[in-house]
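Subject: Handover of a structure and its findings

Dear colleague,

Please find the structure that I am handing over to you. I would be grateful if you kept it open while reading the notes that come after it.

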Amino acid sequence: KPGFVFNSGKHAGIGILIEKGQYIILDGLTINGGKMNAIRIRDSRNIIVTNCDISGYGQGGVFRPELDGKYYNAKNKPIWHDAGITVRGCEDVIIERNYIHDPRTPGNSWFYSHPAGPTAVYTGDAASVVLRYNDFIGSDKHRWNDAIEGWGNGALNGSVKADAEIYGNYLAFGNDDGMEMD
C-alpha cells in the first residue's frame with residue numbers, strides 16, 4: 001500500500017535477502033533497517049531493484065577517536081561494508097532510480113585514518129551489473145566510506161567484473177571514494 005515502510009529494525013542482519021533467486025523485481029519499496037544490509041542479493045541472476053527508498057541500515061557503533069577514529073561495533077571491530085544494497089556472486093542485476101541515504105553509522109574522516117564505514121552499494125564477483133540514475137546521498141553527519149564500493153581490491157573477481165554499466169548516478173558525501181571499483 002502507499003506509505004508502507006518495510007522496517008526490519010536494527011537487530012535483523014538483513015532486511016531483504018535474495019539468495020539463489022531468479023527473475024525478481026523489487027519496485028517502489030521503502031526499506032528502513034537491516035543490521036548489515038537493507039537488501040542482500042547473493043548468487044542470483046536477473047534481478048531488478050528500482051525506485052526504492054533505502055535508509056536506516058547498518059550496525060550502529062561507538063566512535064573511537066582514541067584508537068583510529070573509526071566507529072566500532074559490539075564485537076569491537078571497525079564497521080565496514082554495511083550497505084544499502086549488497087550484490088555478490090550475481091549476474092544480470094539492474095539497480096536503478098533508487099534513493100539510498102542516511103545509514104545508521106557514519107564513516108570516519110581521513111583526519112583520523114583511512115575511512116571505514118557504510119556504503120550505498122557494495123559489489124563483488126558480479127557480472128552484467130547496471131547501476132544507473134540512482135541517488136546515493138550521505139550527509140555531513142552520515143558520510144559514506146565509498147558511495148559504491150567493490151569487494152576484493154585487486155582481485156580478478158572483485159567488484160563488478162564483466163559487462164558493467166555505471167552511469168547517471170549522483171554520489172554525494174563519500175569520505176574515501178565516490179566509486180571504488182578496482
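The following paragraphs describe what was found in this structure.

This is a predicted model, in which local features need pLDDT of at least 70 and side-chain atom pairs count only at pLDDT 80 or more, whereas totals for chains, interfaces and linings use all residues. Residues are numbered from 1 along each chain as its sequence is written, and side-chain values use heavy atoms, with hydrogens and water left out.

Overall form

The chain has 19 strands and zero helices. Here, helices (H or I, at least four residues) and strands (E, at least two) are DSSP runs, numbered from the N terminus. Its radius of gyration is 15 Å, which agrees with the value near 16 Å that a compact globule of 182 residues would have. That radius is taken over C-alpha atoms, and the globule rule is 2.2 Å times the number of residues to the power 0.38. Along the principal axes, the C-alpha atoms fill a box of roughly 50 × 40 × 30 Å. Of the 182 residues, 46% count as buried; buried means under 20% relative accessible area, exposed over 50%, and partly exposed in between (1.4 Å probe, protein chains only). Among contacts (heavy atoms within 4.5 Å) between residues at least 6 apart in sequence, 72% join residues at least 24 apart.

The two sheets

Strands of a sheet pair through backbone hydrogen bonds, either parallel or antiparallel. Two strands are said to pair if DSSP finds at least two bridges between them.

Strand β2 (residues 14–19) pairs with β5 (residues 37–42) over five bridges, and isoleucine 16 stands opposite isoleucine 39 in β5. Five bridges also join β5 to β10 (residues 83–88), where valine 87 is the bridge partner of isoleucine 41.

A further open sheet has five strands in the order β3-β6-β11-β14-β17, again with parallel pairing. Strands β3 (22–27) and β17 (165–167) form its edges, and its neighbouring strands are turned by 5° against each other on average, direction ignored. Strand β14 (residues 127–132) pairs with β17 over three bridges; leucine 131 has isoleucine 166 of β17 as its bridge partner.

The nonpolar core

Which residues touch the most other members of the largest nonpolar core? They are Ile39, Ile41, Val49, Ile54, Ile85 and Ile100, in a core of 28 residues. Such a core is a set of buried Ala, Val, Leu, Ile, Met, Phe, Trp, Tyr and Cys residues joined through side-chain atoms within 4.5 Å. Not counting residues up to four places away in sequence, isoleucine 39 touches several residues, including Ile16, Leu26, Val49 and Ile85.

A loop residue

Aspartate 43 lies in the loop between β5 and β6. This aspartate 43 is partly exposed, with a relative accessible area of 37%. Leaving aside neighbours within four places in sequence, aspartate 43 is in contact with Lys20, Gly21, Arg88, Gly89 and Cys90.

Yours sincerely

Terms used: Axes fitted to C-alpha atoms, helices over the stretch in contact; angles between N-to-C directions.
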